Amino acid sequence: MFIRTMKTTAAVAFAATVAWSFSVQAAAPESDDPIIIVQNNWTSQLVLSTVVGKVLEGMGYTVEYAPSDSQLQFKAIADGDMHFQVEAWEGSMKSAYEKAVAEDGMVDAGTHEAKTREEWWVPSYVADKCPGLPDWKALDKCAAIFAVAETAPKGRFVGPPADWGKNYAERVGALKMDFVAINVGQAATLWAELDAAVAKKEPVVLFNWTPNYIEAKYEGMFIDFPEPEGDKCMTDASWGPNPDATGDCGAPRAGWLKKAAWSGIADEWPEAWKVMQSVNFSSQQIAAASLLVDVDGLSTEEAADKWIADNGSVIAKWKGM
Ligand code: TMO
């Protein structure tokens with residue numbers, strides 16, 4: 001009797017060990033088909049998408065990267081042409097994101113801890129030349145100090161690349177501001193304009209966002225525009241300072257940052273899907289990713305490796321370890 005019990009216990013223990021090692025070893029990769037991770041044209045996204053790609057490769061998955069436009073990407077993800085996006089920003093992507101979830105079956109893969117803001121921004125010294133900042137009406141009164149030949153006598157707002165989804169000409173019109181929005185072609189041009197202005201302590205107002213490396217490099221402030229309440233500013237003309245126009249508001253001041261996924265991931269790569277759902281960035285982790293490239297001068301690859309080396313416990317948590 002005693003021996004039988006021993007045997008049974010040992011057999012159960014043995015079976016459990018086999019089952020356990022089987023589940024660990026056979027889990028990933030469930031498929032060698034490539035997981036296609038989306039890449040956009042700003043630094044933290046490029047570094048952190050590479051970080052997630054490397055983590056999945058480390059688990060045995062095949063990973064590919066596909067560049068995409070920050071608005072059109074969501075339909076492509078919904079359709080399974082691309083599979084995972086690590087950084088979707090409320091201020092610039094909310095409508096395209098929510099439409100893809102509601103109408104096209106894209107999956108909301110979770111919200112990061114980081115709060116985000118994408119908005120007009122000035123270096124601190126500009127406040128000395130323009131009293132009343134960061135209020136947008138105060139900025140508008142000083143518009144002339146931001147004039148360049150192309151915009152004079154109106155001020156120039158150095159706007160983001162067009163694919164970041166914000167039409168600032170529309171906001172300028174809705175708020176009847178004395179500004180002209182001039183979009184740059186790429187993020188590097190924003191920082192070149194900022195560096196040049198700071199070097200000469202000249203007035204400049206440009207598109208910026210947080211978390212970003214800029215806050216570690218220059219002191220400055222976002223301009224406070226009328227704060228949106230849900231979708232009202234965009235759908236109800238009577239809302240906001242201009243009773244006849246939509247778009248008379250700023251971006252959310254504490255916006256969300258989400259992940260987006262193709263609905264087929266859960267079935268095709270279930271262990272990878274668990275990790276993707278667990279990926280969760282803090283503001284500090286995102287700012288650090290952009291700093292490694294935009295200040296320290298590392299390549300995207302090098303920055304991803306450094307970020308991984310610096311965040312071992314974070315990554316272990318994503319993997320449920
Ligand atoms: C989408 N972005 C973070 C650059 O504003």
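This is a predicted model: local features need pLDDT of at least 70, side-chain atom pairs count only at pLDDT 80 or more; totals for chains, interfaces and linings use all residues.
How much area do domain 1 and domain 2 bury between them? The value is about 1500 Å², with 56% of it on carbon and sulfur atoms. Three residues of domain 1 stand out here: Asn 41, Trp 89 and Ser 92. Together they supply 31% of the area that domain 1 buries against domain 2, more than any other three residues. Counted by contact, 19 residues of domain 1 touch 15 residues of domain 2.

## Helix H13 against helix H14

Now look at helix H13 (residues 283-294) and helix H14 (residues 300-310). Their axes are 9 Å apart, and the packing angle is about 140 degrees. Angles over 145 degrees would count as roughly antiparallel, and 65 to 115 as roughly perpendicular. H13 and H14 are therefore oblique to each other. The crossing of this pair is right-handed.

Which residues meet? H13 brings Gln 285, Ala 289, Leu 292 and Val 293. H14 brings Thr 300, Ala 303, Lys 306 and Trp 307. Sorted by class, the contact of H13 with H14 holds five nonpolar residues, two polar ones and one charged one.

## Helix H2 against helix H13

Helix H2 (residues 43-58) also packs on H13. Here the angle is about 105 degrees, and the axes are 8 Å apart. How does H2 lie relative to H13? That angle makes H2 roughly perpendicular to H13.

On the H2 side, the contact uses Thr 43, Ser 44, Val 47 and Leu 48. On the H13 side, it uses Ile 286, Ala 289, Ser 290, Val 293 and Asp 294. By class, the contact of H2 with H13 has five nonpolar, three polar and one charged residues. Ala 289 and Val 293 of H13 take part in this contact, and both also meet H14.

## Helix H2 against helix H14

H2 packs with H14 as well. The angle is about 60 degrees, with axes 8 Å apart. H2 passes H14 in a right-handed crossing.

From H2 come Leu 46, Val 47, Leu 48, Thr 50, Val 51 and Lys 54. From H14 come Thr 300, Glu 301, Ala 303, Ala 304, Asp 305, Trp 307 and Ile 308. The contact of H2 with H14 has eight nonpolar, two polar and three charged residues. Val 47 and Leu 48 of H2 meet H14, and they also touch H13.

Most residues other than glycine have a negative phi, and most peptide bonds are trans. Some places in this chain depart from that pattern. Where are the cis bonds? One runs from Leu 133 to Pro 134, with omega near 15 degrees. Pro 134 sits in the loop between helix H5 (126-129) and helix H6 (136-141). Another cis bond joins Thr 210 and Pro 211, with omega about 0 degrees. Pro 211 is in the loop between strand S8 (206-210) and helix H9 (214-217).

Lys 176 has a positive phi, near 50 degrees, though this residue is not glycine. Lys 176 lies in the loop between helix H7 (168-174) and strand S7 (179-183).

Methods. Residues are numbered from 1 along each chain as its sequence is written. Side-chain values use heavy atoms; hydrogens and water are left out. Axes are lines fitted to C-alpha atoms, for helices over the stretch in contact, and angles run from 0 to 180 degrees between N-to-C directions. Helices (H or I, at least four residues) and strands (E, at least two) are DSSP runs, numbered from the N terminus. Angles under 35 degrees count as roughly parallel, over 145 as roughly antiparallel, 65 to 115 as roughly perpendicular and the rest as oblique. A crossing is left-handed if the near helix is turned anticlockwise from the far one by less than a right angle, and right-handed if clockwise. Contact means heavy atoms within 4.5 Å. Ala, Val, Leu, Ile, Met, Phe, Trp, Tyr, Cys and Pro count as nonpolar, Asp, Glu, Lys and Arg as charged, and the others, Gly among them, as polar. Buried area is the accessible area (1.4 Å probe) that two parts lose on being put together, summed over both.
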